[in-house]
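Work through the exercises below with the structure open. Try each task before you read its solution.

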Amino acid sequence: MSELRADTITASDGTSPVTLTGQTAAKAWANINGSTFALRDSFNVGSATDNGTGDYTINLTNSMGNANYCVGVSATDDSSTAGQTDGFAYGSWVRGSNSPGYAAGSMRVQVGYPANNELFDQSHVNISLHGDLA
């Protein structure tokens with residue numbers, strides 16, 4: 001088996017060097033179509049679960065080292081869902097304290113209007129996790 005080791009990777013035109021460290025790269029990410037519930041693309045995601053309107057669980061292939069990782073979530077709709085506005089960024093949050101969202105092997109998020117906790121299935125839900133793998 002071969003092993004590739006590098007401190008810096010540069011674009012083919014010689015520009016944009018990127019320093020690689022294990023702490024800065026996303027350890028998992030997912031691009032979900034929440035309207036039809038389909039996982040468009042992902043990294044380190046074994047499966048995704050639709051828990052109901054605007055409520056999703058991402059199940060990791062390789063677990064995080066603990067539940068203290070960083071999560072970024074964004075959601076927007078392309079106007080294909082009735083009653084929603086094209087391109088408007090909706091609120092997204094980690095599932096509340098009644099059902100913790102952070103677990104080493106999964107992440108549960110919800111998408112909707114934060115002001116009244118009304119959940120919606122959005123056409124574009126993007127989730128990324130940063131931290132240490134187990």
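**Exercise 1.** Are Asp-55 and Arg-108 buried or exposed? Find out what links them, too.

*Solution.* This is a predicted model.
Step 1. Check accessibility: both Asp-55 and Arg-108 are buried. The cut-off for buried is under 20% relative accessible area.
Step 2. Look at the charged groups. Asp-55 and Arg-108 form a salt bridge, with the closest N and O atoms 2.7 Å apart. That is within the 4 Å limit for a salt bridge.
Step 3. Asp-55 belongs to strand S6 and Arg-108 to strand S10, so the bridge ties together parts 53 residues apart in sequence.
Step 4. Count. The structure has one salt bridge.

**Exercise 2.** Describe the fold and the surface of the chain.

*Solution.* 
Step 1. Tally the secondary structure: there are zero helices and twelve strands.
Step 2. Ask how far apart contacting residues are. Among contacts with a separation of 6 or more, 54% join residues 24 or more positions apart.
Step 3. Turn to burial. The chain has 134 residues, and 31% of them count as buried.

**Exercise 3.** How many aromatic pairs does the whole structure hold? Classify each by geometry.

*Solution.* 
Step 1. The search finds two aromatic pairs.
Step 2. Phe-37 and Tyr-56 are stacked, at 5.9 Å centre to centre with 10 degrees between the planes. Planes under 30 degrees apart count as stacked.
Step 3. Phe-37 is in the loop between S3 and S4, while Tyr-56 is in strand S6, 19 residues apart. Tyr-56 has 0% relative accessibility, so it counts as buried.
Step 4. Take Tyr-69 and Tyr-102. Their ring centres are 5.4 Å apart and their planes stand at 65 degrees, so the pair is edge-to-face.
Step 5. Tyr-69 lies in the loop between S6 and S7 and Tyr-102 in strand S9, so parts 33 residues apart in sequence are tied together.
Step 6. Check cover. Tyr-69 is buried at 7% relative accessible area, whereas Tyr-102 is partly exposed at 36%.

**Exercise 4.** What is the phi of Phe-37, and what is the phi of Asn-44?

*Solution.* 
Step 1. Recall the background: most residues other than glycine have a negative phi.
Step 2. Phe-37 is not a glycine, yet its phi is positive, about 45 degrees. Phe-37 is partly exposed, with a relative accessible area of 24%.
Step 3. Asn-44 also has a positive phi, about 60 degrees. Asn-44 is in the loop between S4 and strand S5 (45-52). Asn-44 is buried, at 11% relative accessible area.

Definitions and conventions:
Residues numbered from 1 in each chain as written. Predicted model: local features only at pLDDT ≥ 70, side-chain atom pairs only at ≥ 80, totals over all residues. Heavy atoms only, no water. Helix = DSSP H or I, 4+ residues; strand = E, 2+ residues; numbered from the N terminus. Buried < 20%, exposed > 50% of the residue type's maximum accessible area, 1.4 Å probe, protein only. Contact = heavy atoms within 4.5 Å. Salt bridge = Lys/Arg side-chain N within 4 Å of Asp/Glu carboxyl O. Phe/Tyr/Trp six-rings, centres within 6.5 Å; stacked < 30°, edge-to-face > 60°.
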